[in-house]
Amino acid sequence: MTLRFLGTTSDDGDCPTLYEIEGTDEILVQGEYETDPEHLAALRDVKESETFVRVPRALLARYSPRTEAPALQPFPAISHLFREFRHTAWRLETRRGYASDRNGERWHRWQAGDDVAQDADNSWRENVRYQAARGKRFERVRLVDDPPTEGQQFLLATAPSAVAAGEDIRNLSRGQAEDLRLPDYDFWLFDSRIVAQFAFDEDDTTLGVYVTEDPTEVLAACQARDAAWHHATPTAEFSRRVRSIV
């Protein structure tokens with residue numbers, strides 16, 4: 001069972017921190033050991049396997065889950081949100097590649113050396129143009145390794161057509177993302193109100209999304225967005241940097 005980072009109130013990136021143990025209803029707490037003898041003596045019904053840590057009240061107030069974990073839904077179940085959102089649809093992309101890219105015709109053309117930067121609109125880009133014309137924003141931050149993976153190079157190569165349609169796509173090094181303690185999972189954030197977190201299998205295939213309006217999850221997503229957006233670099237500039245070193 002894997003751990004999912006929920007949040008931290010530490011300025012130094014060490015502790016205290018909360019994690020969710022995926023597949024269970026349990027939370028893992030990281031903090032300083034309780035060592036006060038008077039406190040330890042007052043604890044009741046302590047097993048030999050148990051220990052105790054200190055965390056600030058603010059950590060629990062901000063990040064501890066308050067609702068049941070949402071059920072996994074197929075991605076098409078949220079297709080309406082990309083038309084009905086009111087002001088901003090924001091995406092964090094964390095993976096080193098996506099099966100949906102590798103299985104597409106555009107991927108094979110790119111591998112053959114074709115210029116795929118300015119392909120004709122598809123249904124996605126048509127909707128982006130439509131929504132952008134009404135003052136709405138589509139925004140993304142994509143994490144990029146050093147050096148970029150093949151999947152990340154493909155996204156850099158194809159980004160211009162999405163940008164031309166109206167998306168604001170920016171990029172952030174994985175090292176920076178780790179320093180900022182950004183989540184290690186993909187999600188969409190709609191209007192700072194709805195979070196759709198992706199689930200993938202080991203082959204980078206989308207299994208579905210977990211959709212929630214839980215205030216704790218939404219706050220964590222908003223904080224990740226603000227940090228990532230502040231430090232990320234627009235695609236055109238980032239691509240020039242990559243080309244200069246590859």
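**View 1. The second largest pocket of this predicted model holds about 800 Å³ of space.** Of the 32 residues that line the second largest pocket, Ser100, Asp101, Trp124, Arg140 and Arg142 are the closest to its centre. Two or more lining residues are given by each of several elements, among them strand S7 (88-93), helix H4 (99-102), helix H6 (123-132) and strand S8 (137-144), while H7 has the largest share, with six residues. By class, the lining divides into 13 nonpolar, nine polar and 10 charged residues. A pocket is an open set of points, on a 1 Å grid over the protein atoms alone, with protein on both sides within 12 Å along at least five of seven lines, and lining residues have an atom within 4 Å of a point. Grid points are joined across faces, edges and corners, and a volume is the space filled by probe spheres set on the points. Ala, Val, Leu, Ile, Met, Phe, Trp, Tyr, Cys and Pro count as nonpolar, Asp, Glu, Lys and Arg as charged, and the others, Gly among them, as polar. Helices (H or I, at least four residues) and strands (E, at least two) are DSSP runs, numbered from the N terminus.

The model is predicted, so that local features need pLDDT of at least 70 and side-chain atom pairs count only at pLDDT 80 or more, whereas totals for chains, interfaces and linings use all residues. Residues are numbered from 1 along each chain as its sequence is written, and side-chain values use heavy atoms, with hydrogens and water left out.

**View 2. The largest pocket has a volume of about 1100 Å³.** Its lining is made by 44 residues, of which Arg4, Glu22, Asp184, Tyr185 and Gln197 are the closest to the centre. Elements that each supply at least two lining residues include strand S1 (3-8), strand S2 (17-21), strand S12 (206-212) and helix H9 (215-231), but S11 gives the most, with five residues. The lining of the largest pocket is made up of 21 nonpolar, seven polar and 16 charged residues.

View 3. A cavity is a set of points where a 1.4 Å probe fits but cannot get out, and the count comes to one cavity of 30 Å³ or more. Among the residues that line the largest cavity are Glu93, Arg95, Tyr98, Arg142, Leu155 and Asn171, and the elements that give two or more residues to this lining are S8 and H7. Five of the lining residues are nonpolar, three polar and three charged.

**View 4. The peptide bond from aspartate 146 to proline 147 is cis, with omega near 0°.** Proline 147 is found in the loop between S8 and H7.

View 5. Arginine 181 is found in the loop between H8 and strand S10 (187-190), and at 22% relative accessibility it counts as partly exposed. Serine 192 lies in the loop between S10 and S11 and is likewise partly exposed, with a relative accessible area of 32%. Buried means under 20% relative accessible area, exposed over 50%, and partly exposed in between (1.4 Å probe, protein chains only).

**View 6. Alanine 228 is found in helix H9.** At 0% relative accessibility, alanine 228 counts as buried. Alanine 228 and leucine 155 are 73 residues apart in sequence and 18 Å apart in space, C-alpha to C-alpha.
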